[in-house]
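The sequence and structure come first, and the pairs follow.

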Amino acid sequence: MSRSPLMDLAFGYMPAQMIYVAAEIGLADALAGGPRSSEELADATGAHAPSLHRLLRGLVTLGAVEQKERDLFALTAEGQRLRADAPDSIRALVRLFCGPEVWRTWGDMAETLRTGECAWKRVTGRTSFEYFESDPELSETFNEAMAEHTRAVAPGIIQAHDFSRYGTVADLGGGDGTLLAAILRANRGPRGLLFDLPAGLAAASGVLGDVADRVEIVPGDFFDAVPGGADAYVLKSVLHDWSDAKAAAILRNVRAAMRPGARLLILEQVMPETVAPEAAGIVRNDLNMLVSTGGRERTEAGFRDLLDAAGFTGVSFTGPLPPAAYHVIEAEPAG
């Protein structure tokens, strides 16, 4: 009898936790200077050397580490991405999505399927965003993870849309400003407005760096109100965090802030009406929204209905854009 490929998927929690532990203890950072023994790495990471040796062998089988000698290990090119200082680092993303909170939440998916209720709140007693706000270390990991993801998708978004035509670009829920900084570096004309909760903006001054003189940083909550005066309002990976009712509330506040001629730019993945295996990424994201936030990934029809109800018209879709199949969804205020 042949081995079912579903078996490898069912045991996928094993490599996921191997990679998570490597990221959590900073193993790749400890290997940044070149090959080291398990004893040396244990001293650097605070691990138990014999146990770490066993993990290192496991990471060899995953392609993150190579074994030079019996007890001498080095990073592979892919393993370098687990370093905190790598330009294409995925360390924070791994620490967030394979960390104990998300791990427990996905472990409670069966109850979510029975009830339709968000697992995160059931497991932790708070919504995911309330939980992040209460835990500064986890909040920092979340912000770093969002920045890592944004660095990966920003080039495709900037290439696909002409941001130079705007006087001011407002990034709503823009975190540390990674996307806004990339837009302004690629387009010398526009100014920027970065809007988020204070915790999201914590690292913004350092990230904005050379474009800081062109950016106004405004703390606030888009469920209360949105700053006026911008020519383009960007919502990247925001609406999928929320139910239709809450997403509509955000959009209505954006609509209220927009002057005639301004544009709304939603940057998100778009769920196909009929999925195939190549849609695995967005389908998994959708399930993560189901258990973690109560939000969802939306189809094109879902976005159109949401935008129409919130007072937008002229909706257009550009994408999917590499590497994560994002779309630029553009709309303007109706009336």
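## The pair R81 and E78

In this predicted model, R81 forms a salt bridge with E78, and the closest N and O atoms of the two are 3.6 Å apart. A salt bridge here is a side-chain nitrogen of Lys or Arg within 4 Å of a carboxyl oxygen of Asp or Glu. R81 counts as partly exposed at 26% relative accessibility, and E78 is partly exposed as well, with a relative accessible area of 46%; buried means under 20% relative accessible area, exposed over 50%, and partly exposed in between (1.4 Å probe, protein chains only).

## Basis of the values

Residues are numbered from 1 along each chain as its sequence is written, and side-chain values use heavy atoms, with hydrogens and water left out. Local features need pLDDT of at least 70 and side-chain atom pairs count only at pLDDT 80 or more, whereas totals for chains, interfaces and linings use all residues.

## Further pairs

E66 forms a salt bridge with K68, with the closest N and O atoms 3.5 Å apart. E66 is partly exposed at a relative accessible area of 34%, and K68 is partly exposed at 46%.

D108 forms a salt bridge with R122, where the closest N and O atoms are 2.7 Å apart. D108 counts as partly exposed at 23% relative accessibility, as does R122 at 29%.

## Network and total

R165, R263, E330 and E332 are linked in a network of salt bridges. By the rule stated above, the count comes to 18 salt bridges.
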